[in-house]
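User: I would like to learn how to read a structure model feature by feature. Could we start with strand pairing and work outwards from there?

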Amino acid sequence: MTVVVSCYALSRLAEQKSTWWKDAVVYQIFVSSFKDTNGDGYGDLRGVIEKLEYMIDLGINIVWLSPIFDSPMYDMGYDTADYYRINPIFGDMEDFDNLLEQAHQRGLRIILDIALNHTSSEHVWFKRSVKAAKGGDEYFKDFYIWGDPIVDEDRNRRPPSNWESVFEGCMWEWVPEIQKYYLHVFGRAQPDVNWENPNLRNELWKVLRFWLDKGVDGFRLDAINCMSKVRNQDLCAQRPGKPTVSGWPDAPISTPNRFEQKANEMFANGPRIHEYLKEMHQQVFARYDALSLGEMSCGITPELGQDFIARDPNEQQLDLILHFEHVELDCVDGDKWVLRDWELPELKAAVSKWQTCMAEAGGWDTIWIENHDQPRGASRFCKDAERGQLNAAKLLAIWLFTLQGTVIIFQGQELGMTNPEEFSEEMIRDIETRIYWDVAHADLALGGGDHKLEMAKKAITSKGRDASRIPIPWNSNHETSGGFTDNSAKPWLPIHPHFATLCAEAQRRNPASVWTFYRDMIRLRRQHPGLIYGTYQLVDEHHPSVFAYTRIHGGNFYLIVLNFGREYVEWEVPQAHGRGWVPIKLTSDYEPLGLEVTKLRLGPYDGVICKRESCKAANGDSESDIV
Ligand SMILES: [Ca+2]
């Protein structure tokens, strides 16, 4: 009997744990660019505290803080030097404790962004690991991924495998003093930790528990599907490659005539990844009512994604995953810098597949379009939106808040911020963009031609990570960089050229602003649980400019129709979806509410949410059968 009761209690706990983040709206803060309170040009934790009421007014439930741990900031904090210390740029532990307390007092939850795939090369673990190779502390010897060189008959040395780093060049970095290479999936100052080592994993669980014990409400786990790397013995049909004497296989040749090769299959979704994440869940998240939000920017598909969010308690790994298919439509072969045009049906297919696959697996999707790594959505999903820029930002809000999943917005998105568009070298602060720009320059020196440099500038203005990282404009005061900092300070990145019209102060006073629209959409979504929990179904999948879908929940039926094009379009509600649709929210007020619609005439970037009540048909069947 006791067993039955405790199982019931456990299942109740699981049920409780799985609900609070589902209908929540997450607001991502890139602390450096949010609000500076001490005039050093960088945002800080006190700036976040200052703006807690702002987030409450908007309707936010969860704040995601970009990495705040001590870091040399080679990659803006995604290179941790000490997981137990606050980065002095952002404040100290007292500031953090204050922030957590004041957020909780207001009912706001805080989740921390943490990179556990790698640390900074400044981390003491890394220094000790190097030392251990020379006969130091054995405990740290295998905290990182060390590889021996492959030496040919002529005594030429090459790295243990041909894997290409995500940022640039070879994934292996030579350390002359110990005659070994270390592996780094990202930048060379970001060595990957070795998850094969149980001691290392235990240290990471301790880190997570330390912050959860403080009361944080969860983590955004950076690059969480990259922890398990492929060894020779792991090669198979799904992971083709060529074994080498180092024990690390070479990736298949995709770019002839060079050594480094794309190697996603060698480090993403590797052979032990589910084992590791189950252990993390059991050792950490199962013991707290905390959210695990796993970022998977490298090689995740809806089918693979299902395996990470399984609801079976024995298989549990992550609550939510951040996937990237919809923001990689403009990439050629996954290369973010090589741009391609995409068509709306491709976007509809990608979004719909994730919506369906997550629901089928009993999981829950995440809904987002921009973040600190991605450009502004309004500049990307509504191309050439000058004619309807205001509508475009509102259209994107309707889209986000009517899909199924936890909605995540990035600071400034609620202001309809766009990419700055103009190229300037002063804007290049991000290490990934800097490397790309330097390579483009080197190509020019080798006779690459001016047009290549122009293409690089275009790629940087539309895809570079600095575009969305520029400071938030709080007011129209030029002296204080739009209220971001104080009179004397220079922000670490230039402010937006249109900061005076985009600023929060002006928008909050304006009932027709993007800010007001976001606030209203958040409220509307709460008033209509069907928009949160309803079943998603795509309508008219091949239409070139209209993205339409239904959400059905209990007796409530919703139809969302969005014109992603810059031309007027007439769209007839398909007969199969019934009649009686009444608009409840529009991007613009061009049409009176309260009238039934059968045909919609939508202007550039216009969107509409329609609703109808279920009614029983004459034969007693629910109308849901025909929707
Ligand atoms: Ca500051």
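Analyst: Happy to. Tryptophan 146 has tyrosine 182 as its bridge partner in S10. Keep in mind that this is a predicted model.

User: What is the general idea behind pairing, and which way do S6 and strand S10 run?

Analyst: Strands of a sheet pair through backbone hydrogen bonds, and the pairing is either parallel or antiparallel. Here S6 and strand S10 (residues 180–183) run antiparallel and are joined by 2 bridges.

User: In what order do the strands of that open sheet come?

Analyst: The order is S6-S10-S9, an open sheet of 3 strands with antiparallel pairing. Strand S6 (146–147) and strand S9 (172–175) are the edge strands, each pairing on one side only.

User: Which strands pair with S17 in the parallel sense?

Analyst: Strand S1 (residues 25–29) pairs with S17 in the parallel sense over 4 bridges, and glutamine 28 stands opposite phenylalanine 410 of S17. Strand S16 (residues 366–367) also pairs with S17 in the parallel sense, over 2 bridges. In that pairing, isoleucine 367 has valine 407 as its bridge partner.

User: Why is strand S17 described as largely enclosed?

Analyst: Look at burial along the strand. In strand S17 (residues 406–410), 5 of the 5 residues are buried, so the rest of the structure largely encloses it. Both faces are covered: Thr406, Ile408 and Phe410 are buried on one side, and Val407 and Ile409 are buried on the other.

User: Next, the nonpolar core. Which residues touch the most other members of the largest one?

Analyst: Val63, Leu396 and Val561 do, in a core of 155 residues. Helix H11 (residues 389–401) gives the most to this core, with 9 residues. For a closer look, take valine 63: leaving out residues up to four places away in sequence, it touches Tyr27, Ile29, Met55, Ala103, Leu108 and Ile110. There is also a second, separate core of 5 residues, which includes Tyr436, Ala456, Ala459 and Ile460.

User: How do I read backbone angles, and which residue has a positive phi although it is not a glycine?

Analyst: Most residues other than glycine have a negative phi. Methionine 76 has a positive phi of about 50 degrees although it is not a glycine. Methionine 76 lies in the loop between strand S3 (69–70) and strand S4 (82–86). Arginine 155 is another case, with a positive phi of about 65 degrees, and its loop is the one between strand S7 (150–151) and strand S8 (157–158).

User: Are methionine 76 and arginine 155 buried or exposed?

Analyst: Count the C-beta neighbours. Methionine 76 has 22 other C-beta atoms within 10 Å and is buried, whereas arginine 155 has 6 other C-beta atoms within 10 Å and is exposed. Isoleucine 253 counts as partly exposed, with 13 C-beta neighbours inside 10 Å. Isoleucine 253 is placed in the loop between strand S11 (218–222) and helix H7 (264–267). Isoleucine 253 and asparagine 162 are 91 residues apart in sequence, yet their C-alpha atoms are 9.1 Å apart in space.

User: What span should helix H6 have?

Analyst: At 1.5 Å a residue, the 17 residues of helix H6 (residues 198–214) should span 24 Å, and the end C-alpha atoms are 24 Å apart, which agrees. Just after H6, glycine 215 takes a positive phi of about 115 degrees.

User: Stepping back, how many helices and strands are there in the protein?

Analyst: The protein has 17 helices and 24 strands. Its radius of gyration is 25 Å, close to the 25 Å from the globule rule for 627 residues, so it is as compact as a globular protein of that length. Buried residues make up 46% of the 627 residues. Of the contacts with a separation of 6 or more, 66% are between residues 24 or more positions apart.

User: Finally, where does the pLDDT stay under 50?

Analyst: Where pLDDT is low, the predicted coordinates should not be read in detail. The mean pLDDT of the protein is 90, and 93% of its residues reach 70 or more. Over residues 1–16 the pLDDT is below 50, and this stretch has 1 contact beyond near neighbours in sequence. Residues 616–627 also stay under 50, and the model has 15 contacts for them beyond four places in sequence.

Technical notes: Residues numbered from 1 in each chain as written. Predicted model: local features only at pLDDT ≥ 70, side-chain atom pairs only at ≥ 80, totals over all residues. Core = buried A, V, L, I, M, F, W, Y, C linked by C-beta atoms within 7 Å. Buried ≥ 20, exposed ≤ 12 C-beta atoms within 10 Å, placed from the backbone. Contact = placed C-beta atoms within 7 Å. Expected span 1.5 Å × (residues − 1). Rg over C-alpha atoms; globule rule 2.2 N^0.38 Å. pLDDT = per-residue confidence, 0-100. Pairing = 2+ DSSP bridges.
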